[in-house]
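Here are my notes on this one, written as numbered points. Keep the picture open while you read.

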Amino acid sequence: ELAGKRLALLKEVISQISRVAVLWNPDHADPEFKEIQRQAEVLAVRVQSLEVRRGEDFESQFQNIIKGRPEAIIVVSSRLIQDNRVRILEFAAKQRLPVIGDWGRWAPDGALLSYGPDTTKLASRLATYVDKILKGAKAGDLPIERPSKFELVINLKTAKQLGLAIPPNVLARADRVI
């Protein structure tokens, strides 16, 4: 659900956007890419699928981004994508392409925006679960919880470098502005 929301946020910020590159690892079991495709149909945005399975795949996919000429990059996080975050952001900055990330360090490290679970809240819930398990609860008996707090982080420095103005209605919804 969140992957589609990220594309919708991007469309709010850059209303004329029509082509988006999606960097993702198909070996990572997550339906985010399919959700981006569904939302792209609704928003009339073409998606360029850029699969990366190993660190060596990034250079060829960066060349595919240059050839495909998308107007932004959406990253679908996996360990591989996260481990190459700085590399992705440096490439995007050189190409003057906004990057949309999910959670964590994407926006603070230079992405235009990120939208995802509040990692502080997640860590707090994790600590509660660890405490229950250490007190004898069986992990399999504990309920699975979905995040309930999501954080929109906007990097205005990146927006300025890209010549983008963040609409006031999007800025008003931001949990954090850099």
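Predicted model: local features only at pLDDT ≥ 70, side-chain atom pairs only at ≥ 80, totals over all residues.

1. Let's start with a pairing: strand β5 and strand β6 (residues 150-154) run antiparallel to each other over 5 bridges. Strands here are DSSP runs of E with at least two residues, while helices are runs of H or I with at least four residues, and both are numbered from the N terminus. Two strands pair if DSSP finds at least two bridges between them.

2. Residues are numbered from 1 along each chain as its sequence is written, and side-chain values use heavy atoms, with hydrogens and water left out.

3. β5 also pairs with strand β4 (residues 99-101), this time in the parallel sense over 2 bridges. There, G101 has S114 of β5 as its bridge partner.

4. Is β5 buried or exposed? 5 of the 5 residues in β5 (residues 113-117) are buried, so the strand is largely enclosed by the rest of the structure. (Buried means under 20% relative accessible area, exposed over 50%, partly exposed in between, with a 1.4 Å probe and protein chains only.)

5. Now look at L152. Leaving aside neighbours within four places in sequence, L152 is in contact (heavy atoms within 4.5 Å) with residues including L9, L113, S114, Y115 and V170.
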